[in-house]
Amino acid sequence: MFKAAPKFLLGALLLLTGCYNIGSRRLDQDQSDYSFALITAGKRQTLLNIVRLRYADTPGFLDTTQLISGYQLQRSFAVGVGTASPVRPSGNAGIQFQESPTFTFQPVTGDAYAQSFLRPMPIGSLLPLAMGGLPIDVLFRLAVQSVNLISNAGSIGGDVGRGSPEFFELIHDLRVLQVAGLLGIQLEHSAEIPGKTPSFDRVFLNISSTDNPILAETVYETRRFFQMKPKDERVEVVYGAGQPRPGQIRILTRTMLGALGQIAYQIDVPQDDITSGRTQPRIQLIGRETKPIVVVHVGKTVPDNTFTSVQYDKKYYYISENDFDSKLAFTMLQILLELSKTTKSPGTIVTIPVNG
């Protein structure tokens, strides 16, 4: 008659001992959840700063430097055996699970702000992104202000900010060559010579020849624009504006603040905000690319299918989930923001201690 009691006790003890291991079960789920939350927060912060710049408001950047999620598992168990016949065991078991996340934020200021947002993007870090599969025309629209003597659209309104039609023709041809596999980027590293020269990197743009008559015409026009000799297949890319030397291309890259501002002034805001003087008319692009690189919508409400959205001054600004081109450009902007961050600040840390 007492055999039932040991079985009851054994089952309860198995439930409340090491068989209930939350550490391994929570790791995969928490890693995915916190990664998604950090990315979502980053997109919203970027869009909000773009909108702030549209209205000449001060942008602000806050990095998540530490994220600690602690868990506590409490177990309780009680059992009793009656004296009546037949003997019937009685008892109760309980498990209490608690989560206590802690977030640490650090504002980006001082040297970190200057290095991340006021320093022009390095050519040696920028151009290889195109060889990683990112469209070179979108990359140039975001991060390049001028190539030789032609300018991209600037981050101001009016005719000055429109840019040169030749710039958009050039990046269109570069994209055609990229898709065809005729465009390449080469990096050469020169070691330091003690007492003479420091180490430095050289960047080359390679334009291959082809027998395809249509692509051959694009190759010819692109080489001619870069003032390359007919049989030359590569040209060195150097930072700067103005007329290049023979065998070189001069590319003036933007700062991250300049890239954000260029997107900001392409937002089509309500006419009342322009009439009242709160902001300027948006940039009216000319030439091949007349569509803003990132289309940001404005409304009193937010649709359900949004890629990201923020509220600013009682209005909602959002990027549509169905606008692939805007999503791609915005994602590339997020990648550039990550690359621009200085190593002086600690990176995001996700620590999940488990007690129990």
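In which kind of crossing, left-handed or right-handed, does α9 pass α11? In this predicted model, α9 goes past α11 in a left-handed crossing. Two packed helices are described by the angle between their axes and the distance between the axes.

For helix α9, residues 256-264, and helix α11, residues 324-340, the packing angle is about 160° and the axes lie 10 Å apart. Angles over 145 degrees count as roughly antiparallel, so α9 is roughly antiparallel to α11. On the α9 side, the residues that meet the partner helix are M256, A259, L260 and I263; on the α11 side they are L333, L336, L337 and S340. Sorted by class, this contact has seven nonpolar residues and one polar residue, with no charged ones.

Next up is the pair formed by helix α7 (residues 165-179) and α8. Their axes come within 10 Å and cross at roughly 130°, which makes α7 oblique to α8. The crossing of these two helices is left-handed. From α7, the contact takes in L170, D173, L174, V176 and L177, while α8 brings L215, T218, V219, T222 and F225. By class, that comes to seven nonpolar, two polar and one charged.

Helix α7 also packs with helix α6, which covers residues 136-143. Here the angle is about 145° and the axes are 8 Å apart. I136, D137, F140 and R141 of α6 touch F167, F168, I171, L174, R175 and Q178 of α7. Six of the residues in this contact are nonpolar, one is polar and three are charged. L174 turns up again here: this α7 residue is part of the contact with α6 and also of the contact with α8.

Then there are the charged pairs. Side chains of opposite charge can pair when their charged atoms come close. The structure holds nine salt bridges, one of them between the side chains of R223 and E233, at 4.0 Å from N to O. R223 belongs to helix α8 (residues 213-225), whereas E233 sits in the loop between α8 and β7 (234-239). The two residues are 10 apart, and the pair links distant parts of the chain.

Finally, the strands. An open sheet is built from three of them, in the order β9-β11-β10, with antiparallel pairing. At the edges are β9 (297-299) and β10 (306-312), each of which pairs on one side only. On average, neighbouring strands of the sheet are turned by 25° against each other, direction ignored. Between β9 and β11 (residues 315-320), which run antiparallel, there are three bridges. And which residue of β11 is the bridge partner of V298? That would be Y317.

Notes
Residues numbered from 1 in each chain as written. Predicted model: local features only at pLDDT ≥ 70, side-chain atom pairs only at ≥ 80, totals over all residues. Heavy atoms only, no water. Pairing = 2+ DSSP bridges. Helix = DSSP H or I, 4+ residues; strand = E, 2+ residues; numbered from the N terminus. Axes fitted to C-alpha atoms, helices over the stretch in contact; angles between N-to-C directions. Parallel < 35°, antiparallel > 145°, perpendicular 65-115°, else oblique. Left-handed = near helix turned anticlockwise from the far one by under 90°. Contact = heavy atoms within 4.5 Å. Nonpolar A, V, L, I, M, F, W, Y, C, P; charged D, E, K, R; others polar.
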